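Load the model in your viewer and show it as a cartoon. The stops below say what to select and what is there.

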Amino acid sequence: MKRKGYWTAILLIGVFCSHSWLSAQENYQTFLEKGDEYYQNFDNVKALQEYEKAYELAPEEFEVIQRVTQTYNDIGEDLDSKESKPYYEKAVHYAELLLEKFPDNAETYYLLSMAYGNLAL
């Protein structure tokens, strides 16, 4: 009898954990979609806010880090050169995360070179 209760508990924990994981996956996708809408309308600051929310939920996802990196670069390009430096530094930080986590992806190197290039200007 104790064994049946044990397996029921394991099953319930598994269901709860998979539900939580699926909810996090759906939520980060929702934030990416909202961010993409803002990005398409050239509202990079609001896009970045949504992408950062996605990053909090899914810091290991390429598409999340890629969008955060790109948007920090874009905001930096929109500002005066003195104001842009912190944004370029953040872009470099996230691009280096891409390099660490996704060294086989060509877009990683594109974003890294863009971030370093903007910071050097």
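What should the 21 residues of α4 span at 1.5 Å a residue, and how far apart are its end C-alpha atoms? The expected span, which is 1.5 Å times one less than the number of residues, comes to 30 Å for α4, and the end C-alpha atoms are 30 Å apart, so the two agree.

Two notes before moving on. This is a predicted model, in which local features need pLDDT of at least 70, side-chain atom pairs count only at pLDDT 80 or more, and totals for chains, interfaces and linings use all residues. Residues are numbered from 1 along each chain as its sequence is written, and side-chain values use heavy atoms, with hydrogens and water left out.

**Whole chain**

Colour by secondary structure: the protein has five helices and zero strands, in the order α-α-α-α-α from the N terminus. Helices (H or I, at least four residues) and strands (E, at least two) are DSSP runs, numbered from the N terminus. Of the 121 residues, 32% count as buried; buried means under 20% relative accessible area, exposed over 50%, and partly exposed in between, with a 1.4 Å probe and protein chains only.

**Phe42**

Select Phe42, in the loop between α1 (2-40) and α2 (44-57). Phe42 has a positive phi of about 60° although it is not a glycine. Its relative accessible area is 73%, so Phe42 counts as exposed.

**Helix α3**

Now select residues 62-78, helix α3. Its 17 residues reach 24 Å from first C-alpha to last, close to the 24 Å expected. Of these 17 residues, 14 are buried, so α3 is largely enclosed by the rest of the structure.

**α3 against α5**

The axes of α3 and α5 are 10 Å apart, at an angle of about 25°; axes are lines fitted to C-alpha atoms, for helices over the stretch in contact, and angles run from 0 to 180 degrees between N-to-C directions. The two helices are therefore roughly parallel, a label for angles under 35 degrees, with over 145 roughly antiparallel, 65 to 115 roughly perpendicular and the rest oblique. On the α3 side, the contact (heavy atoms within 4.5 Å) includes Phe62, Gln66 and Thr69, and on the α5 side Glu107, Thr108 and Tyr110 are among the residues involved.

**α4 against α5**

Show residues 81-101 (α4) with residues 106-120 (α5): their axes are 8 Å apart and the packing angle is about 155°. α4 and α5 are therefore roughly antiparallel to each other. Residues in the contact include Tyr88, Val92 and Leu99 of α4, and Tyr109, Leu112 and Tyr116 of α5.

Which residues of α4 are buried? They are Ser84, Tyr88, Ala91, Val92, Tyr94, Ala95, Leu97 and Leu98. The buried residues of α4 pack against α2, α3 and α5.

**Thr108**

Finish at Thr108, in helix α5. Is Thr108 buried or exposed? Its relative accessibility is 0%, so Thr108 counts as buried. Show its contacts: apart from neighbours within four places in sequence, Thr108 touches Phe62, Ala95, Leu98, Leu99 and Phe102. Phe62 belongs to the α3 side of the contact with α5, while Ala95, Leu98 and Leu99 belong to the α4 side of the contact with α5.
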